Amino acid sequence: MSGGDRKLRPVTQLSFFSADEHVSDPSDLEGALAATGQSTLAGDRARVSVVLDADWRVEALETLMREAGLQPIRSSAGPDGRCTVSSGESPALAPVVRRWRKGAVSAVPEGWTPTAGALRVWFISAGELTADGVVELGIDAVLENHAPRRDALRAALERAGIRSTYVGSKGGGPLLRLGTARARRRLAEHLGRAPAEVPPELWPA
């Protein structure tokens, strides 16, 4: 085939462009439920709450909640400096919380693939960027020994093109660690630019 006959492949934009343009939605709080968030469901209204350990997490999550049409409620910080941010009860969150319930127990929805918005909330809620550039996504310590849940979260990340390994409490977890450059690059594409409240050096890029 000559050079003139060769078909050019279309150039596609990386996913971080769509991540940057993402409009926050109540379903983004699935990322908090994948991490360390808790939920309540009462009739047609639901609430999602998450305990946070840094001011930038609090401010970034509150901003995303407001953009999603939710009213954030901040509790007083405890002795350890942590505070809880809750969404306030909302009918918009009821279908989200129902998806993440199996009876009265929290459960990862079958076949769930995290969106860019959910990944942003997951990282804001419980993500860390180590000094070596490794990304760690925290998960619920109460459910650390619940293997089906952590396996479901690993599978969900893999469906988004992100491979991870589970790390238990003896290794500083429970968390899912993105140890390869490819996995970290893929996550960064999904996350897009750091929210204004997040120090750039703490955000995967």
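What share of the 205 residues in the protein chain is buried? Buried residues make up 43% of the chain. The structure is a predicted model.

## Overall make-up

The protein chain holds seven helices and ten strands. Its accessible surface comes to about 11,100 Å², and carbon and sulfur atoms account for 51% of that area.

Contacts can also be sorted by distance along the sequence. Among those between residues at least 6 apart, 64% join residues at least 24 apart.

## The nonpolar core

The largest nonpolar core has 48 residues. Those with the most contacts inside this core are Leu29, Leu61, Trp112, Trp122, Leu153 and Ile162. Helix α5 supplies the largest share, seven residues.

One of the core residues, Leu153, can be followed through its partners. With residues up to four places away in sequence not counted, Leu153 touches Ala34, Trp100, Val108, Trp112, Trp122, Ile139 and Leu176. Two of these partners, Trp112 and Trp122, are themselves listed among the residues with the most contacts inside the core.

## Helix α5

Eleven of the eleven residues of α5 are buried, so this helix is largely enclosed by the rest of the structure. The buried set includes Trp122 and Phe123, and also Arg120 and Ser125.

Ser125 lies in α5 and has a relative accessible area of 4%; it counts as buried because that value is under the 20% cut-off. Beyond the residues up to four places away in sequence, Ser125 touches Ala32, Ala35, Val50, Leu52 and Arg57.

## The largest pocket

The largest pocket contains about 330 Å³ of space. It is lined by 17 residues, and those closest to its centre are Thr36, Arg82, Ala126, Gly138 and Ile139. Two elements, α5 (116-126) and β8 (135-138), each give two or more residues to the lining.

Sorted by class, the lining has six nonpolar, five polar and six charged residues. Ala126, listed among the residues closest to the pocket centre, is also one of the buried residues of α5.

Arg154 is placed in helix α6. Its relative accessibility is 33%, so it counts as partly exposed. Leaving aside neighbours within four places in sequence, Arg154 is in contact with Ser164, Thr165, Tyr166 and Leu176. Arg154 and Thr165 are eleven residues apart in sequence, with a C-alpha to C-alpha distance of 7.4 Å.

Gly161 sits in the loop between α6 (147-159) and β9. With a relative accessible area of 39%, Gly161 is partly exposed. The C-alpha atoms of Gly161 and Ala183 are separated by 7.4 Å, although the two residues are 22 apart along the chain.

Where is Pro174? Pro174 lies in the loop between β9 (165-167) and β10 (175-178). The peptide bond from Gly173 to Pro174 is cis, with omega near 15°.

Helix α7 spans residues 181-191. Its buried residues are Ala183, Leu187, Ala188, Glu189, His190 and Leu191. Just after α7, Gly192 takes a positive phi of about 70°.

Terms used:
Residues numbered from 1 in each chain as written. Predicted model: local features only at pLDDT ≥ 70, side-chain atom pairs only at ≥ 80, totals over all residues. Heavy atoms only, no water. 1 Å grid on protein atoms, 1.4 Å probe; cavity = no way out; pocket = protein on both sides within 12 Å on 5 of 7 lines; lining within 4 Å. Points joined across faces, edges and corners; volume = space filled by probe spheres on them. Helix = DSSP H or I, 4+ residues; strand = E, 2+ residues; numbered from the N terminus. Nonpolar A, V, L, I, M, F, W, Y, C, P; charged D, E, K, R; others polar. Buried < 20%, exposed > 50% of the residue type's maximum accessible area, 1.4 Å probe, protein only. Contact = heavy atoms within 4.5 Å. Areas by Shrake-Rupley, 256 points an atom, 1.4 Å probe, with all protein chains shown as cover. Core = buried A, V, L, I, M, F, W, Y, C linked by side-chain atoms within 4.5 Å.
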